[in-house]
Amino acid sequence: MATAFSFSAPRFTEEQKEKEDAALGEQEKAQIENDLYGKAADDVMHPEETEFFLSGKLDEFQQELDAIEYKPAYDEAMEKVPELVKKESPAINLLRCEHYDAKLAAARMVAYWKFRKQFFGEDNAFLPMEARGAMKDDIEFLKEGTAFQLAGTDSRGRPIVVYESFRTKVSHLQNKGQTYRALFFAMHKIAMSSKTAQLDGMVIVCNCKNYDIRTFDRKWAKVNMAFIVDGAPCKISADHIIAADGPTLQNIFISIIMPMLMVFLGKHLRQRILFHTGQDSENVKVLNESYGIPSLCIPTGLGGDWTLYNYEEWLNHELTRPLPDYNNNNNTHQSSSSSSMEE
């Protein structure tokens, strides 16, 4: 299978980066530093979620959502599985994700359901977002650990996820749908894991030491990034990319691939990427002492203690979870689908 890699693809240049950095305000810089270094929760101020505050924000959210005329996937979900929508994409979660900006939260709600319908299709999009629900057709793929692996929390309580690029094989790109669904499932689970995840985002530890350039597909990456930036229910607050030291083929991820990805990432995520190219012991020490990431959340391939076995334990737990009923809305969905087909 030929890779979709192209040396002529657009890149985010050093000049563009310098201009973007120069345009940052002091408040933005402070927020970026807090996110990257995992400053203690006491240093990060969030509004108190009083009943009065939440009531007002939820009203604003609904008004903004109602003002969006074209939202077919969301409207379909509300018609078929309204209780599932409330449980699996609650407005408060998206408000927290967007720092209580009702307009942005409403747009993220619409995008969330757009991508959910796009990735899972008519049959599975409106099933519970569980391993034996919406992911029931991709369980074997999930076991390979190619998507984000929830590893633990940092010193601030934010979820840490491990991503190991070498687990993505060229053969996986023959069925891109399973990779999209695995990413969506992981991001959904991370967002639902805690209030801290919704408010403060998640931290990625990315092992790109043995990156295979044959697995780079620009269109595939563009779809993934669009979901992460616009539709994911949890933002990325820091992305630690560990690559080989020096001008090796393994370091091609930083020198060639990242400038292409930067085009899709948006300013928020571009400003929250850090590269580490030292020795494993040095990287582990820096990640722990400077960024609050424990060794238990760093893969063994990078000198830490996280293994695929830890992920397998988490996935096995997910596979034993009973499917939520949501007041039998899944049965309603099945009946609605059958009725539509008959018509």
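**Helix packing, sheet and confidence**

Me: Which residues of α7 does α4 meet?
Reply: This is a predicted model. On the α4 side, the contact is made by A73, Y74, E76, A77 and K80. Their partners in α7 are M109, W113, K114, K117 and E122.

Me: How many residues in the contact of α4 with α7 are charged?
Reply: The contact has five nonpolar residues. It has no polar ones. The charged residues number five.

Me: Are α4 and α7 roughly parallel or roughly perpendicular to each other?
Reply: Helix α4 covers residues 72-80, and its axis comes within 8 Å of that of α7. The two axes cross at roughly 75 degrees. Angles of 65 to 115 degrees count as roughly perpendicular. α4 and α7 are therefore roughly perpendicular.

Me: Are α7 and α11 roughly parallel or roughly antiparallel?
Reply: α7 spans residues 102-124 and α11 spans residues 218-231. Their axes lie 9 Å apart, at an angle of about 150 degrees. Angles over 145 degrees count as roughly antiparallel. The pair is therefore roughly antiparallel.

Me: Is the crossing of α7 and α11 left-handed or right-handed?
Reply: From α7, the contact draws on R108, A111, Y112, F115, Q118 and F119. From α11 come V223, A226, F227, I228, V229, D230 and G231. By class, nine of these residues are nonpolar, two polar and two charged. The crossing of α7 and α11 is left-handed.

Me: Which strands stand at the edges of the sheet?
Reply: The sheet is open, has five strands and shows mixed pairing. Its order is β1-β2-β3-β4-β5. Each edge strand has a single partner, so one side of each is left without a neighbour in the sheet. The edge strands are β1 (149-153) and β5 (273-276).

Me: By how many degrees are neighbouring strands of this sheet turned against each other on average?
Reply: The value is an average over neighbouring strands. Direction is ignored. The turn is 25 degrees.

Me: What is the bridge partner of V205 in β4?
Reply: Strand β3 holds residues 202-207, and β4 holds residues 236-242. The two run parallel and are joined by six bridges. V205 pairs in β4 with H240.

Me: Which helix has the lowest mean pLDDT among the elements of the protein?
Reply: The protein averages a pLDDT of 87, and 88% of the residues score at least 70. Helix α3 (residues 51-67) has the highest mean, 98. The lowest mean, 36, belongs to residues 329-342, helix α15.

Me: How many contacts beyond four places in sequence does the model have for residues 328-343?
Reply: Over residues 328-343, pLDDT stays under 50. Where pLDDT is low, predicted coordinates should not be read in detail. For this stretch, the contact count in the model is 17.

Notes. Residues are numbered from 1 along each chain as its sequence is written. This is a predicted model: local features need pLDDT of at least 70, side-chain atom pairs count only at pLDDT 80 or more; totals for chains, interfaces and linings use all residues. Side-chain values use heavy atoms; hydrogens and water are left out. Axes are lines fitted to C-alpha atoms, for helices over the stretch in contact, and angles run from 0 to 180 degrees between N-to-C directions. Helices (H or I, at least four residues) and strands (E, at least two) are DSSP runs, numbered from the N terminus. Angles under 35 degrees count as roughly parallel, over 145 as roughly antiparallel, 65 to 115 as roughly perpendicular and the rest as oblique. A crossing is left-handed if the near helix is turned anticlockwise from the far one by less than a right angle, and right-handed if clockwise. Contact means heavy atoms within 4.5 Å. Ala, Val, Leu, Ile, Met, Phe, Trp, Tyr, Cys and Pro count as nonpolar, Asp, Glu, Lys and Arg as charged, and the others, Gly among them, as polar. Two strands pair if DSSP finds at least two bridges between them. pLDDT is the predictor's confidence in each residue, from 0 to 100.
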